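Subject: Structure handover

Hello,

Here is the structure for you to look over. My notes follow below it.

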Amino acid sequence: MQTRPHQLQGLSDQEVAKRRAAGQGNDISLQTSRTYWDILRDNLFTFINGAYFFLSLVLLGLGRASDVLVLAFVVLLNVVINVIQEIRAKQKLDKIALITRPKASVIRNGQEREIDPAEIVVGDVLVVRPGDQIVVDGSLVGGGEIKVDESLLTGESDLIPKRAGDPVYSGSFCVSGTANYQAEKVGAESLASKMTAAARKFRKVLTPLQERINMMIRLLLGVAILLGLVTVLRMILGVTSITAGVQNIAVIVGLVPIGLYFMITLTYALGAVRIAEQSALVQQSNAVESLSNVDVMCLDKTGTLTTNRIDLQTVRPIGIDRRKLEGILADYAASASTSNKTNDAIATALPGTRRPLRTEIPFASAYKWSAIAFEDEPGVYILGAPEILSMAMTLSDDLQAYIRDGADQGLRVLLFAYSPTDADLQDAAGNPVLPPDLRPLGILRFGDELRPDAHQTLADFRRAGIQVKVISGDNPVTVAALAKQAGLSDDIIAVSGQELAQMDDAVFEQTAVDGTIFGRITPEQKARLVQSLQARNHYVAMMGDGVNDVLSLKQANVGVAMESGSQATRGVADIVLLRDTFSALPKIFLEGQRIRNGVADITKLFMVRIFSFTLAIVAIGMITLSFPFSIKASTIVTFLTVGIPPFFVTLWAKPNTVHSNEGDSFLHFVLPATLTLSLISILVYLFFLAENITPVLNWLSGQIPFEELGRRITFADIARAQRVAETALVTTQIMGGLLLLPFLKPPTPAWVGGEPLSRDRRYSILAGLVFLAYAVILAVPRLRSFFELYPLQWLQYLGIGLVVILWALTVRFTWRNALLDRFLGVKISPF
């Protein structure tokens with residue numbers, strides 16, 4: 001421990017204890033991510049799980065405990081997969097937070113010691129050196145001057161000089177210099193804590209596809225309840241026996257798509273695994289799919305487009321050989337006793353040799369220049385702001401124009417000069433002064449160092465049809481120049497925060513849509529910009545790394561954070577880019593599109609199956625007063641059409657970058673297929689039912705009167721006819737459901753109608769293999785008997801096949817000619 005001067009004795013241990021007892025300690029928990037209870041609660045108590053819990057109670061009431069076990073298994077598997085994935089993300093974030101957890105150097109009893117920030121109390125005197133994080137709010141005391149990076153709080157990359165009496169804020173970093181500051185606001189009162197208060201409120205954002213699926217499930221749940229009530233009423237009235245009624249309700253409960261829920265969960269989990277390979281951490285199970293809907297990407301310049309460093313772009317010699325000038329600059333940067341971003345940029349571009357110094361004036365913002373006099377060389381070299389050094393020398397018009405041009409491009413311009421005079425560089429009061437006889441040697445231009453992958457990443461965004469907007473706390477001119485270097489289009493519209501502050505709501509919203517670069521923006525304005533874009537029906541992703549980005553990250557549809565960013569930013573983000581891999585984002589977008597396409601495809605299959613099933617039940621029930629499906633018949637249709645195929649559909653799904661703003665591909669595919677498949681299913685059932693009750697056919701042909709019909713029909717005839725009709729109905733549903741696969745991914749132009757040409761033959765092959773499996777079930781008596789299917793004649797199967805082929809031609813005609821669009825009078829077809 002180091003002894004400090006008397007005037008900086010700091011607090012005694014007794015004073016610290018008293019202040020902590022008085023509630024003046026920095027008692028704030030390390031909120032690195034969501035708690036385990038938060039993760040479990042948010043995945044367990046959902047609307048879908050509530051709906052399935054209700055269905056479980058119904059099934060238990062029906063005495064079908066085995067079905068409840070299946071339902072519970074699917075729900076629990078979904079919860080377990082999501083919880084495990086999100087806990088792994090939490091543990092990774094907690095590990096990152098622990099590694100980056102700052103320590104604090106505090107002076108107590110006149111001695112410096114290192115403590116955990118949680119042990120700080122109001123009035124503590126802390127020491128801050130280059131690289132240290134300022135952990136509480138306070139003011140500088142005593143001597144010393146530092147430069148502070150407040151970019152995580154404000155978004156501005158410029159270093160802020162601080163002297164005695166100046167405020168410092170938690171979350172900022174000391175870049176150069178050493179000083180002491182006294183703690184004034186700790187815990188929840190600190191600026192960083194107030195800015196991140198909103199981050200503690202967890203948000204759950206559903207994607208458009210999830211909202212549609214939830215709506216469908218709500219609708220199906222309502223239909224199932226209605227049909228169930230009708231069945232119960234039929235049981236009460238004696239129309240249906242209790243045994244048959246219970247079986248019918250069990251089939252109706254099966255209309256709610258448990259398999260769809262499971263497949264979506266599995267798809268999200270596989271997506272998270274694939275994204276982990278791209279060095280990204282998924283905190284929300286739906287985040288990757290959500291990214292696929294993004295059409296506007298908002299970036300913070302510092303830490304996203306740039307590496308938070310500057311680089312030396314050009315050196316213009318003035319009356320000196322370039323090689324000689326670069327050699328002097330290299331030694332100048334290598335010999336400086338205190339470094340800063342400018343020195344680091346020179347040293348990186350021009351490696352030099354450290355030489356002994358005779359005199360040195362470190363750079364300070366008060367006078368905006370630094371000076372070095374080498375011990376083995378006469379004279380002194382000066383590096384500083386052109387507007388300051390030009391007061392001690394004369395610059396030609398072309399040099400002044402060159403300096404102005406660099407500033408207009410958003411570059412940092414410095415002037416390098418030399419004085420042969422070994423004059424004292426300080427006045428009587430100890431203030432630095434420029435030496436006489438200065439002459440310019442060169443002009444240096446510095447720019448923010450772009451990430452190596454920034455140009456390619458922005459190009460990938462453009463190809464994906466995603467607009468990029470840069471929102472920064474820096475000067476908009478500087479940000480615009482940097483964005484052009486990164487490959488953004490030349491027709492950039494730059495807007496400042498001051499201009500936004502003077503706009504009314506309507507103009508602000510329009511500017512958010514039209515603008516490309518937004519500079520000098522406050523955290524509240526960032527969030528408002530995102531909100532304005534969402535109000536114009538944009539799906540917005542926000543990417544940031546600082547505390548100043550927390551509000552906008554929460555407002556965005558998808559929040560993306562850097563690993564090197566603040567704990568609050570990582571905690572609130574949906575996706576965290578490990579190792580700050582900005583280039584991983586386009587790949588994540590493609591994975592999101594793959595997930596979205598896969599889930600959308602299986603949802604189409606499920607909806608056609610369920611709604612055609614439902615319409616058949618309702619229509620046949622109204623006409624014949626009977627229920628057309630047994631439990632096992634319903635099971636075999638479900639398993640072969642939306643049990644086996646969806647797994648492969650999601651596995652084979654491909655990304656695409658086509659954003660269609662017209663029509664609705666979901667309704668275009670589902671409605672015609674559902675209506676037509678329902679119609680032929682009903683007709684097939686009624687035909688086979690009537691054909692196998694001979695008196696009905698005799699009555700229809702006029703051979704017997706209606707009064708005779710009731711006397712000739714036996715219960716055995718009716719039971720047999722229903723089994724035959726049910727088998728024909730099941731066969732029709734399975735054939736039609738399997739033919740939807742090549743329609744979903746057309747292998748040849750002949751199948752194009754509901755979806756664009758895919759040329760992927762795997763779906764057709766899958767449909768053929770599943771149909772062969774059904775043919776085996778029909779051919780093997782024990783399997784056919786197990787599923788309660790009646791053996792039909794091969795001509796009857798052939799007839800059903802021809803009817804299904806006729807259906808396929810009809811639905812293709814409906815799709816291709818947009819008949820549904822014409823009937824409804826609205827644009828549904830996306831083609």
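Rings of Phe, Tyr and Trp (its six-membered ring) count as a pair if their centres lie within 6.5 Å. By that rule, Tyr332, Phe374, Tyr381, Phe416 and Tyr418 form one aromatic cluster. Please keep in mind that this is a predicted model.

Aromatic pairs. The count comes to 14. One of them joins Phe647 and Phe648, edge-to-face, at 5.4 Å centre to centre and 85° between the planes. Phe647 is partly exposed, at 36% relative accessible area. Phe648 is partly exposed too, at 28%. Trp652 and Tyr763 also pair edge-to-face, with 5.3 Å between centres and 80° between planes. This pair links distant parts of the chain: Trp652 sits in helix H25 (residues 645-652) and Tyr763 in helix H30 (residues 762-779), 111 residues apart. Both Trp652 and Tyr763 are buried.

Cysteines. The disulfide count is zero. Cys174 is buried, with 2% relative accessibility. Cys298 is buried as well, at 0%.

Thr342. This residue lies in helix H13 (residues 341-349). Buried means under 20% relative accessible area, so Thr342, at 11%, counts as buried. Beyond its neighbours within four places in sequence, Thr342 contacts Ile310, Arg412, Leu414 and Phe446.

Surface. Trp794, Leu795, Leu798, Leu802, Ile805 and Leu809 make a nonpolar patch of about 660 Å². Leu809 belongs to helix H32 (residues 794-816). The relative accessible area of Leu809 is 47%, so Leu809 is partly exposed.

Best wishes

Notes
Residues are numbered from 1 along each chain as its sequence is written. This is a predicted model: local features need pLDDT of at least 70, side-chain atom pairs count only at pLDDT 80 or more; totals for chains, interfaces and linings use all residues. Side-chain values use heavy atoms; hydrogens and water are left out. Patches are made of residues with over 30% relative accessible area and no salt bridge: like charges are joined within 9 Å, nonpolar side chains (Val, Leu, Ile, Met, Phe, Trp, Tyr) within 5 Å. Accessible areas come from the Shrake-Rupley method with a 1.4 Å probe; for residues, only the protein chains shown count as cover. A salt bridge is a side-chain nitrogen of Lys or Arg within 4 Å of a carboxyl oxygen of Asp or Glu. Helices (H or I, at least four residues) and strands (E, at least two) are DSSP runs, numbered from the N terminus. Buried means under 20% relative accessible area, exposed over 50%, partly exposed in between (1.4 Å probe, protein chains only). A disulfide is a pair of cysteine sulfur atoms within 2.5 Å. Contact means heavy atoms within 4.5 Å. Rings of Phe, Tyr and Trp (its six-membered ring) pair if their centres lie within 6.5 Å; planes under 30 degrees apart count as stacked, over 60 as edge-to-face and the rest as tilted.
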